[in-house]
Amino acid sequence: MKNIVKKPELLSPAGNMACLEAALSAGCDAVYAGADRFGARAYAGNFTSDEFVQAIDRMHLFGKKVYLTLNTLIKPDEFRQLHDFVRPFYEAGLDGVIVQDIGVIAMLLADFPGMEVHASTQMSISSVFGARLLKEMGVSRIVPSRELSLDEIRDIITETGIETECFIHGAMCYSYSGLCLMSSFLGGRSGNRGRCAGPCRQPYSAGRMNGKYLLSMKDMCTIDILDELIRAGIASFKIEGRMKSPEYVYGVTEIYRRAIDKITTDPDKRYVSDSADRDRLVELYSRGGISGGYYHRHNGLALITVEKGSYKREDTARYESEKPGIALTARFIAFAECETELILKPAEKEDDSCAVSVKGDMAERADKRPMSEPDFRKQLMKTGDSDFYFEKIDIETDGASFVRIASVNELRRRALDMMKEKLLHGYKRSM
């Protein structure tokens, strides 16, 4: 009997719109991103509120999800601002919010029904008991502490049934998740307020080790054990990097996308990671080496860079990818002395639930050469910079009609705009 494994969500970082586009092109299932307040990466590009609404629409158009990082500790006088801050994103259809502050969790669950609330790794959830408590509150997903072993994560999944979101690649923190005060003490900037100064990346001396990077962690890379993580039942695989480049986001997402698809397509086949992929991941970004994180190892110098704590290498070579597009089928009708009509629907839909129909100008009776099916098809295919392309166009015409090119173009434009509105309508909410 063939083994069945559930394909996990591939969750990519989006520090700005360029990174979001890179993640989308590389095949992510979702992105996590911060707006201009309350996120744990204050120095990332982040989005303005208007840009974040555009980002939600952009991802939803392709059936992908967006999670807002609201993962800092919130001061009492800031709570009054939170509702108004989140509301436009909620109305745009925001899929979920990643939260550190337990008071924020309670507020979001009460004020914004139907939107998922996820407990950030900053909450330092490290046991079945903490996970169960959050599930009882209404939290739908937790991002457990990065210090947990795979066995401990598996126990949380088995005992509580709550969704888990776990890091599979990127920077590691020396301290316990969400509990570091080192930046506050040494740098005057709090990591729990999104402004970590990175003191663990500086050299220190201890015993006979002078000027070494004793607190600087190697970057996590799980490409070699990805099949184990999938079989453990982790719901979402998270790539760290909201302050990194679009090239990094695209490269890492694309490599893990292929690996996940390979494993889940044929789960009975023994998985062996590609050494070329591993080398490429190091080239894309590395702080002096990589490790498998804590999934199978508990502490030890193998996790520490020692010699090169602040060193990092980032490959900024431009990536090339095809712009993602949504396939449509079309039916165009043009009969002399009747209104033209264009009917569209997504190619993947068998029914007409997402179909749109737009009427255009009257087709004229041709004095000389009537327009043929190829004439109409050639013009309709010119979708330009839109997010759509035609997989199939059926033309119905009497062979005696003429329609101005400008009228065909306008009909196509209005139909594509209406299709976009149709696809996004189901995500919208009202307060």
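In the predicted model, Lys428 is partly exposed, with a relative accessible area of 35%. This residue forms a salt bridge with Asp57, in which the closest N and O atoms are 2.6 Å apart. Asp57 belongs to helix α2 (residues 49-61), whereas Lys428 lies in the segment after α12 (405-425), so the contact ties together parts that are 371 residues apart in sequence. Side chains of opposite charge can pair when their charged atoms come close, and the count of salt bridges comes to 28.

Another of these pairs links Arg413 to Glu410, with an N to O distance of 2.6 Å. Both residues are located in helix α12, three residues apart, which is about one turn of the helix. Arg413 is partly exposed at 40% relative accessibility, and Glu410 is partly exposed at 34%. Salt bridges with shared partners also join Glu9, Arg141, Glu163, Glu165 and Lys238 into one network. Asp394 and Lys392 form a salt bridge with an N to O distance of 3.9 Å.

Strand β2 (residues 30-33) pairs in the parallel sense with strand β1 (residues 9-13) over three bridges. Between β1 and β2 the chain passes through helix α1 (residues 17-26), and this β-α-β crossover is right-handed. Strand β2 also runs parallel to strand β3 (residues 65-70), to which four bridges join it. In a regular strand the side chains alternate between the two faces of the sheet.

Met137 is found in helix α5 (residues 128-137) and is partly exposed, with a relative accessible area of 32%.

Notes: Residues are numbered from 1 along each chain as its sequence is written. This is a predicted model: local features need pLDDT of at least 70, side-chain atom pairs count only at pLDDT 80 or more; totals for chains, interfaces and linings use all residues. Side-chain values use heavy atoms; hydrogens and water are left out. Helices (H or I, at least four residues) and strands (E, at least two) are DSSP runs, numbered from the N terminus. Buried means under 20% relative accessible area, exposed over 50%, partly exposed in between (1.4 Å probe, protein chains only). Two strands pair if DSSP finds at least two bridges between them. A crossover is right-handed if, with the strands pointing away from the viewer, the path from the first strand over the helix to the second runs clockwise. A salt bridge is a side-chain nitrogen of Lys or Arg within 4 Å of a carboxyl oxygen of Asp or Glu.
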